[in-house]
Amino acid sequence: MSDEISPRLSLPLLAAGQAQKEVLVNEALQRVDALVQPVALSAGLVGPPDAPVSGACWIVATPATGAWTGQERAIAQWTTGGWRFAVPQDGWRCVVLDRDVVMHFRGGEWHDDPVRPDAIYIDGVKVVGSRMPDISGPTGGTIIDSQARAVIEELLAACREHGLIGT
């Protein structure tokens, strides 16, 4: 086998005069199968599941145990030949089914994407969520402050235009 690998996905490269090329090509195809549009069943397991299905992937949680020991944060794929691990690089993204989110790898860690089905998050803080019900404009009162009412109407109009509250 060749010791050379591709720079992004660490695919094994064929060497000149390589014997048993199919072994190397099949290994590369297994990695491509796991890493092109990756989907992980979970990012919360520290050890391998009891009955994995061939082709299924997981993001290995910390601290890894069993056959996953030493593979923290890697994408683990079960194949007919056993476990295959891919060490992520900054910028990798992976759909994680049990969280219903996309995770991205940055600074040596996996992070939930800020745009999720339930809201948009910045620094882990929910900044935009589901649309709130309509808020009526100001009416009535014994003292009418036209400047305050104008500002409130502008705020409500902006919230409606951005879809934050009903119209």
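I will start with the ground rules, then take the aromatic rings, then the sheet.

This is a predicted model, where local features need pLDDT of at least 70, side-chain atom pairs count only at pLDDT 80 or more, and totals for chains, interfaces and linings use all residues. Residues are numbered from 1 along each chain as its sequence is written, and side-chain values use heavy atoms, with hydrogens and water left out.

Rings first. Phe, Tyr and Trp rings, the six-membered one for Trp, pair if their centres lie within 6.5 Å; planes under 30 degrees apart are stacked, over 60 edge-to-face, and the rest tilted. That rule gives 6 aromatic pairs. W83 and F85 are stacked, because their ring centres are 6.5 Å apart and their planes are at 25°. F105 and W110 make an edge-to-face pair, with 5.3 Å between centres and 65° between planes.

Ring pairs also join W58, W68, W78, W83 and F85 into a cluster.

On burial, the cut-offs are under 20% relative accessible area for buried, over 50% for exposed and partly exposed in between, with a 1.4 Å probe and protein chains only. W83 is buried at 17%; F105 and W110 are buried too.

Now the sheet. Strands are DSSP runs of E, at least two residues, numbered from the N terminus, and two of them pair if DSSP finds at least two bridges between them. Four strands form an open, mixed sheet in the order 1-5-6-7. Strand 1 pairs with strand 5, residues 93–96, in the parallel sense over 2 bridges. There, V39 stands opposite V95.
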